[in-house]
Amino acid sequence: MNRQRISYGPIFVYAFTALFFLLFFALPIWETLGGAFRQNGKFTLDYIIEVFRNPIYLEGLWNSVQMAVYSTALTAAIALPLALLSDRYLFPGKSIFSALVLIPMILPPFVGAIGVKQILGQEGALNAFLETLHIIDPGHPIDWLGQSRMFGIVVMNALHLYPILYLNLVAALANVDPAMEEAAENLGCTGFRKFRRITLPLIMPGFFAGGIIVFIWSFTELGVPLMFDFSRVTSVQIFSGIKDIGGNPFPFALVAVMLVSTVILYALSKSLFGRASHAMMAKATSQGGPRPTSPLGGALIALFFAVITFLAVLPHLGVILVAFSRDWYGTILPSGWTLDHFSAALGHNLTLPSIQNSLKYASLATLVDLVLGIAIAYVVTRTRLPGRQILDAMAMLPLAVPGLVLAFGYLAMTQPGKLFSFMNPAVDPLMILVIAYSVRRLPYVVRSAAAGFQQTSVTLEEAAQNLGCPPFRALRKITLPLIAANLMAGGLLAFSFAMLEVSDSLILAQKMEDFPITKAIYELYNLLGDGRFIASALGVWAMCFLGICILGASLILGKKLGAIFRV
Amino acid sequence: MRILAVLAALALVLALPFVLKPKENLLARADDELVIISPHNEAIRYEFSRAFGDYYKAKTGRTVRLDWRIVGGTSEIARYLQGEYFNAFQREWTSQGNAWTKEVSTEFFNPASTSPAREAFLKSNAGIGIDLFFGGGAFDFINQSKLGTLVDSGVIQAHPDWFTDAIIPQSVSGEPFYDPKGRWIGTCLSSFGICYNSDSLRRLGVTELPSSWNDLTNPKFAHQVALADPTKSGSIAKAFEMVIQQQMQEAVGTGEATPEALAEGWKRGMQLLLKASANSRYFSDAAGKVPMDVSLGDAAIGMCIDFYGRFQSEAVKIGDEPSRLQYFTPVGGSSVGVDPIGLLRGAPNPEVAREFIAFVLSLEGQKLWNFKIGTPGGPTKYALRRLPIRKDIYTPEYTAYRSDPETMPYEEARSFTYHEEWTGALFSALRFIMRVSCIDSHDEQIAAWHALIEAGFPPEATATFTDVSAIDYVTTKDVIRPALKGSTPLTEVQLAARLGEQFRAQYRKAQQLAKEGK
């Protein structure tokens with residue numbers, strides 16, 4: 001490798017990623033949102049000001065903040081004990097539970113709501129169960145989805161999102177040098193105090209990395225509030241504004257406000273929780289690692305994992321049962337069983353091409369994410385380039401932009417005659433979809449990679465460089481293998497979510513031969529009569545595929561992952 | 001070993017769709033191509049692709065492939081067309097050496113404009129690579145015709161014998177069925193009605209079966225009504241207009257349509273909608289959500305499109321028992337509208353496009369809409385359950401083949417006449433009113449309604465709740481409509497905020513009064 005070029009490496013990476021963001025994030029947003037800042041051809045902030053004058057939009061914003069705070073708190077309350085238990089103790093079924101933890105996240109769109117309704121609906125499984133136990137009166141079923149909606153949304157968000165935080169925490173805990181905790185114990189700091197003073201500060205980067213994603217995710221979450229018909233939150237207000245046939249540009253002002261709020265909330269949480277990062281040098285200086293537990297303790301831990309996992313996969317169970325059922329109404333389990341929906345779904349002429357397309361789009365997008373994610377995380381954590389914090393914040397923003405806004409932006413900028421007309425989705429959506437998918441999933445990889453970089457001392461690389469290893473090679477040979485677990489976690493999330501992407505897929509994949517699997521599910525879902533069964537069947541297929549990928553990855557890499565951290 | 005097991009499972013999952021792959025491939029390349037943008041579902045696309053392919057092959061000896069462009073529902077399609085035509089014309093205009101000024105960019109798409117840019121657009125062949133727009137409501141097609149994105153397909157001139165009162169009338173009960181200028185033609189019929197779950201009715205103690213829109217206001221249905229969202233679809237907004245028109249018609253009776261009678265009817269219609277909204281769980285923009293939720297018991301009663309209701313009713317039927325989901329069209333409360341097709345400006349394959357329009361309107365094409373699977377000329381995979389536009393399909397010779405032999409939309413349409421002059425001009429205003437008084441104020445409205453129910457509808461509180469003077473007929477015509485017409489997007493939002501706040505205050509007051517028992 002040429003030494004001359006390498007010293008410019010970080011600047012080149014910085015410039016390249018900034019340019020990528022400018023072109024494929026800022027530009028499409030401006031294409032769509034521009035209307036909210038223009039009146040009679042002049043720049044105006046009137047729309048933005050109006051958002052803050054308007055009581056229902058203010059209330060929506062406040063509800064969104066509440067939704068995010070409560071969801072993150074509950075998510076932490078679930079994920080932190082799980083991660084600590086899993087890091088510290090051996091218990092029965094540990095490998096299964098650790099492998100299953102990502103499953104709650106793989107809920108295919110559209111059909112996820114079917115599963116939830118089938119369980120929580122007025123004639124749903126839960127009410128039927130409670131009626132059988134004579135806890136409730138069949139004449140007065142509980143309207144689970146219609147009552148205490150904020151509570152329902154928060155619980156649903158937490159059960160859906162805790163894996164993100166859990167994964168980051170487990171990776172962070174694995175990076176904690178046991179010698180640190182042992183030193184604390186030697187000095188008389190034990191129990192909760194040790195956790196608060198030593199462990200928690202050491203895992204803060206991972207906590208922040210996962211927590212901020214959960215926070216922004218629930219701040220902008222659309223599907224769950226829609227499921228509960230909770231319309232006074234910003235995301236739903238934007239969604240209905242965009243779909244309004246009046247075509248008023250005002251909802252785009254709401255998007256802008258939401259974007260800025262996200263940046264502010266991100267900066268705020270970063271200054272509160274993200275600052276203190278303690279890089280550790282040593283990786284393998286002591287015999288740490290999980291300890292065996294007493295049989296009762298082990299059983300209790302396993303039970304805790306089992307209960308959380310069961311609650312989190314209830315919607316999935318709902319979808320799976322729907323896919324196999326003839327009818328399911330007012331009973332605990334479906335009243336008839338069939339395999340027909342699977343042959344209808346998998347034998348449909350949209351299905352096979354859509355599976356091939358999704359695999360292609362999602363794997364390419366994950367690749368782009370890994371390259372960009374490592375590059376951005378490197379610039380942010382390893383260089384002192386001015387403005388790197390902006391790059392860092394920018395990498396989080398895709399979480400805050402409604403998918404529809406970006407999708408319409410991409411559509412506009414790839415029109416014939418425009419700069420990116422060669423990517424026109426009506427001709428071939430491959431490039432623009434891969435870019436769209438990767439931009440929207442980038443935050444996961446950036447956060448996981450950044451957490452890894454922060455926890456791995458730069459002195460290891462410096463030592464390599466002292467011994468004559470060029471910086472790039474030092475990064476590749478020393479740091480990247482050390483943070484492989486973080487990259488793996490981020491990459492898996494990016495891949496799974498790319499496979500399940502909705503907005504870009506619905507708008508940008510216009511020709512049937514280009515449909516990804518989510519659009520095929522949507523098309524089947526819209527069939528009258530059997531649509532929801534057939535769509536569920538295809539959804540089950542998607543869950544199986546992603547489930548096996550994730551289980552396989554953790555089984556295959558499980559030992560290696562462990563080995564990297566504690567030989 | 002573990003790795004092998006994982007790989008084997010992965011291979012199995014990946015192999016399944018290959019094993020079950022369908023034999024025929026409708027996506028394969030062909031001699032000719034036709035590009036269609038459509039909100040129609042996969043069932044309709046499949047049956048028309050297959051049947052038109054066979055017809056085209058028989059007629060021309062060439063194969064044809066239908067390239068359906070699916071960008072979402074009608075609101076997404078409208079946005080898509082607008083964006084694409086904007087670019088197409090910009091390219092055309094600048095390629096002729098003209099400057100693309102701000103004025104040109106706003107004027108060429110303005111139906112009221114007489115500027116050179118507008119004229120150039122209407123004369124141009126600026127295209128977006130798509131031939132046809134197929135499906136949606138007449139509302140969307142009238143809009144696109146006004147904008148100038150649709151052009152005359154020439155099918156009316158080519159088949160004058162079809163466009164008579166005996167086959168495809170120009171309008172029925174005041175609703176247009178095709179554009180006399182040929183830019184769009186209805187292909188099938190639809191109307192809005194009510195679906196309800198008979199189990200839920202029993203549970204809620206509703207003994208009398210619903211029969212009119214008024215039943216949606218029954219307090220026993222509190223939080224059990226599913227409504228469609230009039231702000232997100234022209235056809236749903238139309239259905240709301242019909243609810244009001246029915247009340248106006250009843251107020252007018254057999255007498256003369258005096259301004260007082262019309263105002264009284266409007267007021268009753270508004271109060272009806274307010275109460276139905278107060279009963280409702282949500283306003284849905286997804287056409288299938290309402291009948292689905294009602295059939296699952298997640299709502300007891302709802303407003304839905306006829307064919308969705310009929311289809312879902314049959315789908316949840318078990319054996320010979322009457323289905324738990326029932327659908328009806330309120331007599332005299334709904335007009336029959338059309339789902340049109342139209343040729344887009346600058347279509348790349350105009351000949352094939354004309355052939356397709358003619359096929360959809362021919363007897364062969366019309367059979368697909370309602371014939372049962374496997375009947376002569378009927379669909380092969382999906383029963384579409386839509387109602388064909390051609391009257392000659394409703395003759396006794398086809399009764400045995402039809403999925404819905406009892407449904408006679410042309411008879412139903414007689415019980416209702418749409419009076420364009422009463423509310424036609426208030427179409428946008430009505431959507432706006434529904435948004436501020438019901439959708440934006442839904443939480444407060446529901447809270448007040450529940451308080452009213454609990455208190456047994458005390459008079460003062462009830463009067464406050466149902467006070468629609470801010471949106472009465474005269475105010476809507478003389479204040480709201482002109483305000484909306486002359487408004488910028490910003491002033492419209494401000495007007496919505498002001499009126500919405502007024503309604504929310506009114507609902508809060510009604511809630512307070514109800515709690516005080518007044």
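Me: What covers the buried residues of helix 7 of chain A?

Reply: Helices (H or I, at least four residues) are DSSP runs, numbered from the N terminus. Contact means heavy atoms within 4.5 Å. Here the cover of the buried residues of helix 7 of chain A includes helix 6 (111–120) of chain A. This is a predicted model, in which local features need pLDDT of at least 70, side-chain atom pairs count only at pLDDT 80 or more, and totals for chains, interfaces and linings use all residues. Residues are numbered from 1 along each chain as its sequence is written, and side-chain values use heavy atoms, with hydrogens and water left out.

Me: Which residues of helix 7 of chain A are buried?

Reply: Buried means under 20% relative accessible area, exposed over 50%, partly exposed in between (1.4 Å probe, protein chains only). In helix 7 (residues 125–132), A125(A), N127(A), A128(A), L130(A) and E131(A) are buried. H134(A), with a positive phi near 60 degrees, follows this helix.

Me: How many aromatic pairs does the structure hold over all chains?

Reply: Rings of Phe, Tyr and Trp (its six-membered ring) pair if their centres lie within 6.5 Å; planes under 30 degrees apart count as stacked, over 60 as edge-to-face and the rest as tilted. Over all chains there are 56 aromatic pairs. One of them, F89(B) with F121(B), is edge-to-face, at 5.3 Å centre to centre and 75 degrees between the planes. F89(B) lies in helix 3 of chain B and F121(B) in helix 5 of chain B, so the pair ties together parts 32 residues apart in sequence.

Notes. Chains are lettered from A and ligands numbered from 1 in the order in which they are written. Helices (H or I, at least four residues) and strands (E, at least two) are DSSP runs, numbered from the N terminus.
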